[in-house]
Amino acid sequence: MTNSALPTPDAQNVTTIDDAQSVMPDLPRRARILKTLRPWLKPKIVLGGTVVFMLVFIGIFAPVIAPYDPNGQNLINALRAPGWFSEPHFLGTDHVGRDILSRIIYGARISLVIAATVVVISGVIGIGLGAISGFFAGRTDFLIQKLVEVVWAFPPLLLAIAIMAFFGQSLLILIVALVVQRWIPYCRVAGGQALSLRTRDFVDAARSLGASNTRIITRHVLPNLIQAAMVIGTFAMATAIIAEASLSFLGLGVPPAIPTWGSMLADGRTYISTSWWLALFPGLCIFFTVLGINMLGDGMRDLFDPRLKRPGQGMG
Amino acid sequence: MLSYIVRRILGTIPVILLISLLVFMLVQAAPGDPADLLLSDEATKEDIDDARKRWGLDQPIHVQYGKFLIAALQGDLGTSFRYTDPVVTMIVDRLPATIELAVVSILIALIVGVPLGVWAGARPNSWIDNVGSFVGFFGISMPNFWFGIMLILVVSGYFNLLPSAGRSTYGVGGPPITGFFILDNIIHGDWNAVRDGISYIILPAVALGTNMMGILMRVTRSSVLEVMHEDFVRTARAKGVRDTVVLWRHVVRNALIPIITVVGLELGTLLSGSIIVETVFSWPGSGSLLISAITSRDYPLITGTVLTYTLAFVIINFIIDILYGTIDPRIRFDK
């Protein structure tokens, strides 16, 4: 008998008993996938997820989808009303004849890239500082908490406006300005979680096995923060998109050559009395994007934290 | 209680000092020398040196900060580069308009958001809950400046119902007493002016308040849902107290704490939102003052406005903290 013949029917049976899937051994693969997916198939998550997926798709394939160059001016065609399907410019053109639809498509790209970058950087800073602060307590905790207190004392967006006002327009500064306050929610949640985790048995167990602080934080504390971070990150994404649009609307966002929804709205406000389409479409995009992301975040929070959606007993 | 207030005030002082330092550092770290930026290109080196000396820009940073802080404590935030007026006077002149707008926005948010949240929370999964949750999502997802533009487009432009810019019709209303236009004219008894003022404030206040309305609705709903499970609610109902009374007297009163917390927290968002909404509606408040200061690189005016906004936010949070104790006797301050 050769080795190649080894996986006998008997051997296979032995492995399936230990396997977690032995509970539903006869379930076809598709049903199993469906079972793991089921909790995710909530209207909020599906709707929100679809919006986010479409946005990412449009953002990535902007050069392919956009019918025109987003910065291509054509003064003869300026302020042309939406032509829907009868004219070349589906959503009309702006005051220098740029195609609104193409600018919106490219705007999705900018909004997404900025928001995603901001959320990731804020998450890394916030969770890092939070985990350190909660885990070590004492003086480190005090210092980090003071920093949180001072930065959080500024009304949201005001600090970003001030930073943009003093440092001028650039993508990098915009991202810094948006991160400046956005890491704090992560930091608070991470700090609280880490504080409660450090007294748990599995951390004691790890420490008695000789694990270093770094190892305990990266292997035992951080993985426990992922779900909370995902929810915070989703909502942070929504606020980052609105904040970026607000700054661009005020003329404090990215340099004017880059098409963004916010700066399109600023143009739209100028031409509000004659050309409604300039202000309508970019705003709709911001609204639906943020709505989708908020729904996704809401759905995820319900999923991860069942305490928050206890069905009420109702009245009447 | 008193010792708690004193302790809180003492705890706030370092925060305020750090805020002032941070704002001061922003100006210092900004690229370019204000003297360079403000004088024309034809200014000679002597002119620039002279200007630097006049504005105290030639001194070491810690001296500059010390002077800035001492002056600020005495209520002197410097002189506007552009208007050559004292920054404090300019802000004080504009502040009532911003406060007026903020107050009306909060009222709108409370009047719509809280009852909707209470009804939604009392009857989860009913049609009112669905309406409420739609309003909630709408509120939190709507960018206030776009909502403002759309209100102008539809309400002012298309239906021609309400004015879209400014605070009152020119020449209407008596001389200012408090600076609050509507209040002043109520004192004057000039009802035409009051009506005029209200017609001007509705659109910006709705645009500014929608966000808080959505958040309030959501928080009220979940807070009511939570309280509905408490024993005292069951006891009250078992005693035969009518549902409406249980809901509005027992449940809502106990659900108030998170609602007040949210109003406090969201006031910051409302304040910064007012900066943008004021710009959209040409509302003559301190928010549009800040934006015009930024456009003209008027550094003392920018720092002054940012400091005022932040200080206001810190004070509001402080008041909210104190309010907790009076609403919820369970909260003890002496620990």
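Start at B:Asn125, which is exposed, with 12 other C-beta atoms within 10 Å. A residue counts as exposed if 12 or fewer such atoms lie within that distance. Keep in mind that this is a predicted model.

Where does B:Asn125 sit in chain B? It is in the loop between α5 (87–122) and α6 (127–141) of chain B. Now look at its backbone. B:Asn125 has a positive phi of about 70 degrees, although it is not a glycine. Most residues other than glycine have a negative phi.

Move along chain B to B:Asn160. This residue lies in the loop between α7 (144–158) and α8 (181–188) of chain B. Its phi is positive too, near 55 degrees, and B:Asn160 is not a glycine. Is B:Asn160 buried or exposed? It counts as exposed, because it has 9 C-beta neighbours inside 10 Å.

Now turn to chain A and find helix α10, residues 213–221. Which of its residues are buried? They are A:Ile216, A:Ile217, A:His220 and A:Val221. Look down the axis of α10(A). The buried residues fall within an arc of 115 degrees, so they line one face of the helix.

What does the face turned away from the buried side carry? There you find the exposed residues A:Thr214, A:Thr218 and A:Arg219.

Last, ask what the buried residues of α10(A) pack against. Their partners are three helices of chain A: α5 (100–136), α8 (171–197) and α9 (201–208). A:Ile216 is one of its buried residues, whereas A:Thr218 is exposed on the face turned away from them.

Conventions:
Residues are numbered from 1 along each chain as its sequence is written. Chains are lettered from A and ligands numbered from 1 in the order in which they are written. This is a predicted model: local features need pLDDT of at least 70, side-chain atom pairs count only at pLDDT 80 or more; totals for chains, interfaces and linings use all residues. Helices (H or I, at least four residues) and strands (E, at least two) are DSSP runs, numbered from the N terminus. A residue is buried if 20 or more other C-beta atoms lie within 10 Å of its own, exposed if 12 or fewer, and partly exposed in between; C-beta atoms are placed from the backbone. The arc is that of the directions from the helix axis to the C-beta atoms. Two residues are in contact if their C-beta atoms, placed from the backbone, lie within 7 Å.
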